[in-house]
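Please have a look at the fold below.

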Amino acid sequence: MYSAELPAVTEGTAMVIPHEKAIVPCSNLIQDLIRLASFLKELQTQSHLIHLNYEGSNFIPVHEFLKERYETHQEQFDTIGESVRAMDFYMPMCACGLKDEMPTCFNNVSSHDGRDMLMTYHSNLCDLCEMVCEIEPVAIEMKAMDVVHYLAELMADANKTTWYLKATLRCG
């Protein structure tokens with residue numbers, strides 16, 4: 001889990017550990033949310049780059065669709081980050097910190113072929129759904145109902161997007 005590197009201090013005879021270093025009941029949820037935020041940020045970058053590099057007979061609708069997607073992923077990243085901060089934990093301070101939390105399941109685009117780009121993005125959205133399914137029980141256990149509800153929104157959005165992508169890929 002991302003935590004500030006703050007040293008423990010002594011106050012009188014008691015050792016005071018900063019809350020970022022303390023083991024707290026919601027620490028697993030925080031770690032999962034930071035991992036999710038990292039994944040969403042990478043989806044935002046990936047969808048933006050596909051938006052710029054995509055070529056095909058359906059360029060205009062795919063270009064417009066991906067613009068909506070990278071803007072949506074930016075909002076999703078922000079919402080998850082705000083959830084972490086609302087629980088009084090820090091988000092990583094830079095891209096390096098986010099990369100350290102990045103799940104290994106993320107698939108990178110390895111071809112400028114439009115179909116391959118969209119299939120890779122589709123695969124990552126399916127992995128996003130799996131991550132949400134893993135995080136939801138932890139959020140329920142912690143009674144973080146705002147997080148639970150937002151995870152349901154993320155899942156619905158990812159499922160709808162995968163449907164759009166599959167329909168586009170079938171026709172292409």
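## H2 against H5

The axes of helix H2 (residues 59-86) and helix H5 (residues 145-171) come within 12 Å and cross at roughly 165 degrees. Axes here are lines fitted to C-alpha atoms, for helices over the stretch in contact, and angles run from 0 to 180 degrees between N-to-C directions. That crossing angle makes H2 roughly antiparallel to H5. Angles under 35 degrees count as roughly parallel, over 145 as roughly antiparallel, 65 to 115 as roughly perpendicular and the rest as oblique. H2 passes H5 in a left-handed crossing. Left-handed means that the near helix is turned anticlockwise from the far one by less than a right angle; clockwise would be right-handed.

Which residues meet here? On the H2 side they include Val62, Phe65, Arg69 and Thr72. Among their partners on H5 are Val147, Tyr150, Leu154 and Asp157. Contact means heavy atoms within 4.5 Å.

## Ground rules

This is a predicted model, where local features need pLDDT of at least 70 and side-chain atom pairs count only at pLDDT 80 or more, while totals for chains, interfaces and linings use all residues. Residues are numbered from 1 along each chain as its sequence is written, and side-chain values use heavy atoms, with hydrogens and water left out.

## The whole chain

The chain has 5 helices and 2 strands. From the N terminus on, the order is β-β-α-α-α-α-α. Helices (H or I, at least four residues) and strands (E, at least two) are DSSP runs, numbered from the N terminus.

Of the 172 residues, 42% count as buried. Buried means under 20% relative accessible area, exposed over 50%, and partly exposed in between (1.4 Å probe, protein chains only). Take the contacts between residues at least 6 apart in sequence: 73% of them join residues at least 24 apart.

## H2 and its neighbours

H2 has 28 residues. From first C-alpha to last, H2 reaches 40 Å, close to the 40 Å expected at 1.5 Å a residue. The expected span is 1.5 Å times one less than the number of residues. Buried residues of H2 include Leu66, Tyr70, His73 and Phe77. The buried residues of H2 pack against H1, helix H3 (95-101), H4 and H5. Just after H2, Asp88 takes a positive phi of about 70 degrees.

How do H1 and H2 cross? Their axes come within 8 Å and cross at roughly 160 degrees. H1 and H2 are therefore roughly antiparallel to each other. Their crossing is left-handed.

## A kink in H4

Helix H4 (residues 114-141) also has 28 residues. At 1.5 Å a residue, H4 should span 40 Å; its end C-alpha atoms are 42 Å apart, which agrees. Where does H4 kink? A kink of about 25 degrees lies at Ile135, shortly before the proline Pro137. The bend at a residue is the angle between axes fitted to the seven residues ending there and the seven starting there. After H4 comes Lys143, with a positive phi near 60 degrees.

## Two residues up close

Lys41 lies in helix H1 (residues 27-53). Lys41 is partly exposed, with a relative accessible area of 25%. Leaving aside neighbours within four places in sequence, Lys41 is in contact with Gln74, Phe77 and Leu98. His73 is 32 residues away along the chain, yet the C-alpha atoms of Lys41 and His73 are separated by 6.8 Å.

Beyond neighbours within four places in sequence, Thr162 is in contact with His122, Leu125 and Cys126.
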